[in-house]
Amino acid sequence: MLSVLLVEDHQKFASALIRLLGRTNDFNVTRHAATAELALEHLLNQKFDLALVDVFLPVMSGIGLVSLIHKEYPLLPCLMVSGHMLGHYVTKSLAAGARGYVLKDDSAGILEGIQHIMKGKIYVSKELRYNDQ
Amino acid sequence: MGIGASAGGLKALQSFFDALPADTGMAYVVITHLHPAYESHLPEILQSHTRMPVTQVIRQVDVERDHVYVIPPNRRMVMADSKLDVAEFNEPRGHRTPIDLFFRSLASSHPDAAAIVLSGSGTDGAVGIKAVKESGGLLMVQHPEEAEYDSMPRAAIATGLADVVLPAAQLAEKLVHYTRNQPQLPHNENELSTEEMETVQRILAQVHARTGHDFSQYKSSTILRRIERRMQLNGFTTLEAYLGYLRLNIPEATAMFNDILIGVTNFFRDVDAWQTLSEKVIPKLFEAKDIGNTIRAWTIGCATGEEAYTLAILFFEQAAKMDIRPKIQIFASDLDENSILLAREGLYPSAIEADVSPERLERFFTREDDHYRVTRELRDAVLFTNHNVLRDPPFSRQDVISCRNLLIYLQRPLQDNVFNIFHYALRPGGYLFLGNSESAEGLHEMFKVIDKSYRIYQAKPWTTQRPHVPSIPLTIRRTERSGHHASELPYNIAQYTDEPAALDEKHRKAIETYGPPSILIDENYAILHISETAGRYLFQPKGPITSDVIKLVRPELQLELRTALFQAFEKKKAAFSKPVSVQFNGHPQQVILSVRPRMESLEQGRGSVKQALVIFLEDEFDEQAEHVIAAEATEVDERHSNTLVARLEGEIVRLREQLQITIEEYESSNEEMKAANEELQSINEEYRSATEELETSKEELQSINEELQTVNNEMKGKLDEISRGKDELQNLLGAMEIPTLFLDKELTIQRYTPSMQELFNIRPVDHNRPITHLTHRLLYKEFTEDAEQVIRSLMPVEREVQAEHGQWYMVRQRPYRTAENRIEGLVITFVDITKLKAAEQAQREMAAKLEERVRIRTRELDDTNRRLSQARDLFSRLFHVNPIPTSISRLEDGTFIDVNEAYLDFCGLTRQDIIDHTSEELKLPLDPEIRTGLVTRVQKEGVIRNLQLDIILPTGEPKTILTSLQNLNFGGIDALIVAFSDITERVRTEREVRTVASNMTSAEQAERTRIARILHDDLQQNIFAVKMQLSILRDSMEKNGETSRVDLAQLDKWLADAIATTRQLSVDLSPPILQGEGLTEAVIWLGVQMKEQYDLDVSVHANGVHAVFDEDVRLLVFQTVRELLFNVVKHSETTKATVTFEQLDDEVNITVSDGGKGFETEKVLENWKARHGLLRMRDRLFLLGCNLKIQSTPNEGTRVTIEAPVKSL
């Protein structure tokens, strides 16, 4: 069982995602934080195997959070979960240290992405791959 | 190490120090030409380019490694031991050469220092570097093409001494390389190993083979120092490696040769020595000479001629003091052909000012730009020639020989030979002048000391007879090198200490002891070596000690020995004498003399005999032979034979005496011949040198000849011109219709033009007849009187004269002047002025008509003036009632000439306050600077219209005015009309409208952004959640095998469509790209969107456009461009559009164009407004200061241009 930290400000989408992940026996969303600040608090108290981070968060952005995690917890892999299709965000996220970027409407991609990342690979949703990236 | 730089040198110094590491272990002294009055910032500037400490030297300092020292202004700097010191200049400004001064002191304190010459004007440094080079230092020069001022580097290179010529930065690298690579050879030959000595010899042999000059006899310490320097310069640490390099590089041998023969010399080098020479020696020379005599001097090793010219200067100065001036002839010789060429040129850098006094420069030199050239007088006194004192016959009968700093290069034995040559070349009592470290002491029989400290010697007279010229050549010619000579070379002595050599020695000793007695002699029959047992054949006669074998050998053997020697040397093979009876201690002994010559150049079979071995063979069997002879003798009648013997013996004695006398005569005439021959050789040498000089002057003569030819050609041309001029004169006289008469002083006819015959009855036979004898057709009684009057007074006379047939003539009588301004008669011309007279009449009538016309015109003018004053009146009234404030002022100073009522109202002043005052005096609100700018512009353009200005009234109220200015001539004054209207209100309204429009655009965009955010943040997130739940549902139903009545796949597809729609909508409403700064980037993004969504190809041209816009302008322009592209999609029926950005001064034109169907602009525009709202967009753009232009033609497409102002800063 992997312990997962989910950082997502939309309650409805967060609960749908927790359910999606709960259907497999491999994951356990241990913590859910609505803001980056709360996520950092969780990180202080607990060790996680994976972080799922929304790109847009109310105060500190998801990309800002990832670059902090990358600096402070270099062993914790981060997967960006976003509704935005712009290549621009993908580039910025990967540059900040995220290991992958999946679209929120790509359920299969979310699961596949988590598996890839845990094997140490980089993953980006299929729809985004042949943009100018 | 010293660095010299001047103008433009700072840059070179910076790049030099930039490239130089801080740990080279050397100290650097920078000498520049600084302005005496200004403080120098050089140390600070240099400090920023090096990590070494940089100090300006203001008092004496100890020099330390890895430090940089800089000269202070108005001081010169010298180096002594390892201390730097500064001192005042002795010279006035303009004559200072601090770089030369420093280099010289550097050379004497640090012989292995390096000197660098960088950019600079003038020739400072060119003299000092010679000293550095001579002492064995390194000389580097900045490449003249890199230098900003190349005259200093070029002067340094012109000396031919530069080791390295490179750009400044590479000089630094080379220097580091040079110092890191110090070979450390011992400076004494004794410290060298045998192998090293051999290598040195091989190096010298290479130089000999390549240049023809043999330095093996030169002082080894000097040679070693030069070799070491060359090795260091080329980066070699072992002699072997350098030898290999030398073999492969031919120019290196020449460089080496030049290095060894450093021809360094200055004018008056060692001033005191020259002073002594001029006081102690030169006056005596002159006293001894008569007018017809010549003072002869010889300068050996003259290099580039300074020493020879110095001597010549001293001679001339002495000659100036004398009544009787003998001729002065100075021979100057050197090995180096190039130096001789420079010396003959006689051109020296202006830096010689340091050595030669101004009076001497004035007297003996002429200035040529940066250089001085010796005068013709001085040049003619010196004869330069390429001459090797060790090889070529010497000049003779010299009064003075000056040979300074040549002997130091020669080894001791060679020095002695050279002194012999000097003694030979000097006439008895002649003077020898040597360099500071040379000496002729120890040669008492040849030279007497005149001045010990300055090395001046006098040749003693020859003791008995003139000595021989020492054998020449002293150095070995290339073809005559042999093992024999090599064994004489000092470096090879060590070989004989080897074991086989010792055996050889023992063997030789044995031969000497037990072999027949023998004597080794040289070509002059002088004894070189005597074997142990040969002593008894020798016999010292009375008289001076001699080594002549013929004189020394026993008298009985003398005759036979002379014959044998002669044969041996002549035929070059062994010769034997007849047996000779010799009495040893009363016992007769038969001896045969065998002379065996030793040949030089055996391998070539020719060459001269240098030595011979005389062997005394004592043959025991000869005693038997004597017995045989004796036995034969007994057969003869004893009595008869006794008388015969006595008679024969008497005969023999007499013959011997005769022979002896003949031999002596022969010997003495031989001596004379030898002396004469030597004399001839010397004279020949002089002729050879003179020929060389003549060759040079012949070339000069040739060029003069060419010049003369040119002059001759010019003269020919002039002659042609003159004869053509004469022809022309003839033709002129003939062609001239004016009758002309030439008379001489007696008024006889000399020459006349053909037309004269009409006036006078002249015929060709009348030449030389007095004119008074002829009749003429003129009413001119005073003709003869006038003519005589002109000849007397030399004043021309003019008369208008009528002829018999009514013609009028202007008769001019003028004196005839020759080119020498003598009066030789008269020239009389008769100009037909009949027509002129008629014309005069016509002119008078014309003048009357003109006067009438002037009267009419004057009336008209009065009329015009009246109308003009009415117009002026009208203008004045219009000007004053005009409601627009208007002023007229003088252009040059702004003084008011007139203003109208409106202007007075605006200013609140009265007319008296304003007129004849300037706006400045009145404190009228206009910045004087703006006014000056406007006046300049008006002067150039004549008029400025509708210029908007912000001013502040004296009341403090800000106003905006719209003004027009016109330059005009107002009653003769250059005046300026200024009219303006107050548009403060209008401008304020405009600003407000702009603000409202701006707010509107921003608010609109804010609303779009808000809606987009709701779409994305709220609606879209909800759909994501639903879609995810749906996928979980589908997944679990699939697993459980359940089916649904609703088509879940289709539901999933609908949700995906909804997500796509909201995504596109939010992007359209608020393109994320708009959050950036740039407009061009946003338009490029828009182009991509148009392609994706509507398949419209948009090419964007925005090269070189980087303008920044106000936020509202940017948003509105972006939306307008999007609207225009939508229009292209909807109406133009094409799939291509172009957006072009064009950067102007303060605005950017953005043009959207297509090649679609287009429309008729006027007709459609009304329709357009309703349909597209584009004209509404135009109104809004206009409010933000933009402009929109539409251009369309049916079937040719549409162009819409937005003119957008850039953000004002």
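Two strands are counted as paired if DSSP finds at least two bridges between them. Helices (H or I, at least four residues) and strands (E, at least two) are DSSP runs, numbered from the N terminus. The model toured here is predicted: local features need pLDDT of at least 70, side-chain atom pairs count only at pLDDT 80 or more, and totals for chains, interfaces and linings use all residues. Residues are numbered from 1 along each chain as its sequence is written, chains are lettered from A and ligands numbered from 1 in the order in which they are written, and side-chain values use heavy atoms, with hydrogens and water left out.

**Stop 1: colour by confidence**

The chain B average is 79, and 88% of the residues score at least 70. Within chain B, confidence is highest in strand 38, at 90, and lowest in helix 18 (residues 483-486), at a mean of 37. Select residues 471-498 of chain B next: pLDDT stays under 50 there, and the model has 40 contacts (heavy atoms within 4.5 Å) for this stretch beyond four places in sequence. Where pLDDT is low, the predicted coordinates should not be read in detail. For the complex, the predictor gives an ipTM of 0.86 and a pTM of 0.36.

**Stop 2**

Three bridges link strand 13 of chain B to strand 15 (residues 371-374) of chain B in the antiparallel sense. B:Leu347 has B:Arg373, in strand 15 of chain B, as its bridge partner.

**Stop 3: a salt bridge across the sequence**

Display the side chains of B:Arg376 and B:Glu700, which meet in a salt bridge (3.8 Å, N to O). The term denotes a side-chain nitrogen of Lys or Arg within 4 Å of a carboxyl oxygen of Asp or Glu. Because B:Arg376 lies in helix 16 (residues 376-381) of chain B and B:Glu700 in helix 23 (residues 638-735) of chain B, the pair ties together parts that are 324 residues apart in sequence. Over all chains, the count comes to 44 salt bridges.

**Stop 4: a hairpin**

Move to strand 19 (residues 447-451) and strand 20 (residues 456-459) of chain B, which run antiparallel and are joined by four bridges. B:Asp451 stands opposite B:Ile456 of strand 20 of chain B. Four residues lie between the strands of this hairpin, and B:Arg455 takes a positive phi near 60°.

**Stop 5: the interface with chain A**

Show both chains. The contact takes 18 residues from chain A and 18 residues from chain B. About 1700 Å² is buried between the two chains, 57% of it on carbon and sulfur atoms; buried area is the accessible area (1.4 Å probe) that two parts lose on being put together, summed over both. B:Met1028, B:Ile1032 and B:Arg1063 supply 35% of the area that chain B buries against chain A, more than any other three residues. Two salt bridges cross this interface. In a salt bridge, the side chain of B:Arg1063 meets that of A:Asp105 (3.8 Å, N to O). Helix 29 (984-1040) and helix 30 (1048-1069) of chain B are the elements that give two or more residues to the side of chain B touching chain A. Helix 29 of chain B provides the largest share of that side, 15 residues.

**Stop 6: a five-strand sheet**

Finally, select the open sheet of chain B with strand order 37-38-39-41-40 and mixed pairing. Its edge strands are strand 37 (1097-1101) and strand 40 (1187-1193) of chain B, each pairing on one side only. Neighbouring strands are turned by 15° on average, direction ignored. Strand 37 pairs with strand 38 (residues 1136-1143) of chain B in the parallel sense over five bridges.

Terms used:
Axes are lines fitted to C-alpha atoms, for helices over the stretch in contact, and angles run from 0 to 180 degrees between N-to-C directions. pLDDT is the predictor's confidence in each residue, from 0 to 100.
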